[in-house]
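Please work through the exercises below with the sequence and the coordinates at hand. Each task is followed by a solution in steps.

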Amino acid sequence: MRVAMSLDTPQSESESTLPSAPERGRSLTSWLGSDIGLGAVVFLVALAIRIVYVLQMRDSNPLFSHPTMDELYHDQWARAIVKGEDFVGGPFFRAPLYPYFLAGIYKVFGHDLFAARLVQAVFGALSCTVLYALGLKLFDRGVAFVAGIGAASYLMLVYFDAELLLPVLEVFFDLGALLALVLYREKRSPWLLVVAGLALGLSAATRPNIFVFVPAALLWLLLVDGARSWRSWLRAGLLALAVAVPIAPIALHNWRAEGRLVLISTQGGVNFFIGNNPESDGMRAVVPGTPGDWWGGYYATISMAEEAEGRKLSASEVSDHYYGRAWDWIKANPGDASALTLNKARIFWSNWEVPNNKYEDFWAREFTPVARYLPLSFSIVGLLGLLGLFLSFNRPKDLFPLWGFVILYSLTIVAFFVTARFRMPVVPPLILLASYAVFWCVRGYREKGFDAVQWPLIVLCAAFILVNGRGAPDATRNIANANMMAGTGYLKEHRPEQALNSFDNALKGIPEFYSAEHGRGLALRDLGRREEAIKAFEQALQTDPSPDLGEHPVLLGLTHLELGRALMEDGEDAAAASHLREAVRILENTDAVEARRLLSFLLATSHDSEVRDAVEALELAREFVQQGSPSAEIYDALGAALAA
């Protein structure tokens with residue numbers, strides 16, 4: 001086709017070499033209706049929704065630039081990789097691929113969370129396109145296109161594609177592996193087995209759950225090729241070898257770090273215990289007796305295991321300890337353990353989006369208007385997906401990559417504990433199965449009438465009871481926690497008015513909410529409303545902190561610190577000294593240094609004779625000098641103490 005023309009080309013000649021407008025229109029329509037054209041539509045729709053979501057998130061979400069919990073952990077790890085620093089010594093605690101992926105983005109764009117989320121939007125759109133291609137190979141164009149658009153507009157997929165979390169890579173690699181396996185059955189190319197194996201290995205390096213699917217995939221491959229053929233065994237070995245390629249360097253790193261074989265990570269034991277202990281509800285992702293913050297919980301689980309074992313433990317020994325505790329409880333309480341497992345299975349297949357670090361539905365809909373126009377949820381996908389799962393047994397060998405993956409992967413989640421994030425890899429295959437179920441029932445009814453859909457309708461009723469039979473749990477606490485986190489984000493953004501509003505909303509949900517009351521005091525302080533801030537801090541101290549802070553009351557020390565600071569500015573030296581002493585007693589981190597500085601300065605400069613104590617001021621100042629980094633505040637406190 002001629003694209004360029006010289007400027008002196010006669011008009012009649014140029015018109016004769018180009019198709020007419022109607023022909024071009026028909027050509028475009030024909031292309032859009034082709035397999036490739038529909039795939040392009042799926043990709044563009046998915047990408048557009050995700051880019052709009054990220055743009056709206058950047059403009060309104062207070063945590064956009066301030067990741068927390070698991071997102072913060074991944075961000076810190078990725079930054080350490082970029083700097084060439086060791087993050088956490090020993091073998092990997094978590095599967096490392098996602099932090100290295102994030103580090104790669106930081107290498108190219110700098111520490112830019114907006115760029116990272118946009119790159120992930122592209123991966124999310126590609127996943128929808130891969131799902132469409134999988135549907136083309138297993139079913140037909142209609143089923144594939146509906147599934148692709150369904151994945152493009154599924155709210156939780158859009159949400160997690162924008163979070164600094166694992167699902168964006170898990171979904172991409174899992175779907176890539178399934179597509180390669182399906183294509184292998186058609187084309188019998190060994191290179192497709194290499195692609196499938198690498199994708200499975202990369203998925204395992206992101207989250208090891210996929211390991212349970214690998215033996216089943218190998219068995220399916222032997223059935224497809226014929227187990228009696230030496231060539232089929234050779235190709236199964238090729239698939240297994242390809243799976244091992246991405247895992248080998250991780251296992252080697254872990255061996256060098258600890259001298260033990262740890263294939264991916266050492267987190268498994270802790271997670272297994274979280275989901276299998278007498279206090280577990282199958283959803284809450286906290287080891288009993290540990291604080292809710294990430295690093296506090298991490299170090300507490302180690303110290304608890306070492307205290308129980310009576311010796312220092314390596315990372316894999318900590319994991320073994322918690323696996324052992326979980327299995328001991330299961331064996332001693334088989335009835336309770338079975339009931340808990342059944343409850344986790346019910347939660348997995350329910351329409352609840354169980355939060356982990358953040359209440360996903362709140363964060364998606366509160367801060368990104370486009371999310372309010374994405375109604376597709378698990379209440380529909382789970383319902384129709386289960387029907388599609390049932391119908392897939394009409395072609396068990398052909399459709400094994402779908403139904404085998406869904407069943408086996410879901411079992412790995414139920415064995416541990418259930419959250420919306422962990423369920424995400426199963427959702428796209430369920431969307432494809434749901435699309436298949438709809439088309440199957442419509443075609444069956446048209447061809448054979450009601451008789452063709454009797455059994456599917458019975459299955460659909462059973463699926464409805466499982467997925468939508470019970471309402472979601474009361475979300476009051478989740479919404480209150482979300483408002484508290486939003487308030488904290490607004491404080492970091494230096495937006496105290498919005499922070500105060502969020503903390504007030506949190507307290508409407510939970511009136512006795514220590515963290516929100518403390519945050520309210522910080523917002524009032526930043527607004528210059530010192531008297532109200534003092535009352536808020538005092539109100540926090542009158543609230544029982546144990547439901548919020550557990551046995552690790554760092555925030556309690558920070559409340560004493562901020563109240564002491566405010567009272568000091570208000571001239572209430574005696575009360576300020578009392579609260580600052582409490583802060584020094586409770587805090588053990590950098591905040592304790594600040595508490596010592598303030599208390600030292602107060603004791604050295606107070607006009608209250610009962611408060612003024614030069615000796616104690618000097619001792620505190622010296623501790624402050626030893627623990628703090630050189631700054632004007634250090635010499636201020638030391639000079640005042642020496643002068644006193």
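Predicted model: local features only at pLDDT ≥ 70, side-chain atom pairs only at ≥ 80, totals over all residues.

**Exercise 1.** Determine which residues and helices line the second largest pocket, and how the lining divides by class.

*Solution.* 
1. The second largest pocket holds about 250 Å³ of space.
2. Its lining consists of 17 residues, and Y298, I302, S314, A315 and V318 lie nearest the centre.
3. At least two lining residues come from each of α14 (294–309) and α15 (315–332); α14 gives the most, with 5 residues.
4. By class, the lining comprises 10 nonpolar, 5 polar and 2 charged residues.

**Exercise 2.** Classify the ring pair formed by F272 and W327, and assign each residue as buried, partly exposed or exposed.

*Solution.* 
1. The model contains 29 aromatic pairs.
2. For F272 and W327, the ring centres are 5.2 Å apart and the planes meet at 40°, so the pair is tilted.
3. This pair links distant parts of the chain, since F272 belongs to helix α13 (residues 268–275) and W327 to helix α15, 55 residues apart.
4. F272 has 7% relative accessibility and therefore counts as buried, whereas W327, at 45%, counts as partly exposed.
5. One aromatic cluster is formed by F213, W220, F393, F400, W403, F405 and Y409.

**Exercise 3.** Over which rings do the charges of R188 and K358 lie?

*Solution.* 
1. R188 places its charged end over the ring of Y184, 5.8 Å from the ring centre.
2. K358 lies over the face of W363, at 5.2 Å from the centre of that ring.

Terms used:
Residues numbered from 1 in each chain as written. Heavy atoms only, no water. 1 Å grid on protein atoms, 1.4 Å probe; cavity = no way out; pocket = protein on both sides within 12 Å on 5 of 7 lines; lining within 4 Å. Points joined across faces, edges and corners; volume = space filled by probe spheres on them. Helix = DSSP H or I, 4+ residues; strand = E, 2+ residues; numbered from the N terminus. Nonpolar A, V, L, I, M, F, W, Y, C, P; charged D, E, K, R; others polar. Phe/Tyr/Trp six-rings, centres within 6.5 Å; stacked < 30°, edge-to-face > 60°. Buried < 20%, exposed > 50% of the residue type's maximum accessible area, 1.4 Å probe, protein only. Lys NZ or Arg CZ within 6 Å of the ring centre and 35° of its normal.
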